[in-house]
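Visitor: Please take a close look at a single part of this model. Start with one side chain, then move on to its surroundings.

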Amino acid sequence: MKKRSYYHKFAGKDLSITDLLALDRTILANERNLLSFIRTFLSCFITGLGVIKFIPSYTILGISLLIAAIMALIIGIKRYKDMRAELTILEKIEFENSQN
C-alpha cells in the first residue's frame, strides 16, 4: 500500500506567493540537510580510518565509526529522496495550476 503524501491536500488549490517561497525554502533546507549528513559521513569515516591506522589497540572503535559513517550516509540519502519525492508532488500541482 502506497503511503499518501502530506502534500495531496494542496491538490486543486492555487498556491500563494508565500506558499511558493515556503516551498523554495523547504527545498533548500532539504539540500542543506543532505549536505550535513554527508559532512557527518566524512567526519566519522576519516576519524575511523585514523583510529584504525594510528591507534591499533582501538580497532573496534575505528570499525564502529566506519559503520556509523556508512549508516549516516545511507539514512541521509534516503531522507533526501523521500522528501524530494514529497516536494515533487507539490511542484507538479503548482505547474498544473499555472497552466490553467
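Guide: Asparagine 30 sits in helix H1. Helices here are DSSP runs (H or I, at least four residues), numbered from the N terminus. This is a predicted model: local features need pLDDT of at least 70, side-chain atom pairs count only at pLDDT 80 or more, and totals for chains, interfaces and linings use all residues. Residues are numbered from 1 along each chain as its sequence is written, and side-chain values use heavy atoms, with hydrogens and water left out.

Asparagine 30 is buried, at 8% relative accessibility. Buried means under 20% relative accessible area, exposed over 50%, partly exposed in between (1.4 Å probe, protein chains only). Leaving aside neighbours within four places in sequence, asparagine 30 contacts Arg79, Tyr80, Met83 and Arg84. Contact means heavy atoms within 4.5 Å.

Now helix H2, residues 59-99. Aspartate 82 pairs with lysine 78 in a salt bridge, their closest N and O atoms 2.8 Å apart. A salt bridge is a side-chain nitrogen of Lys or Arg within 4 Å of a carboxyl oxygen of Asp or Glu. The structure holds 1 salt bridge. The two residues are 4 apart in helix H2, so about one helical turn separates them. Aspartate 82 is partly exposed, at 39% relative accessibility.

Back to helix H1, which spans residues 17-54 and includes isoleucine 38. Isoleucine 38 is partly exposed, with a relative accessible area of 31%.
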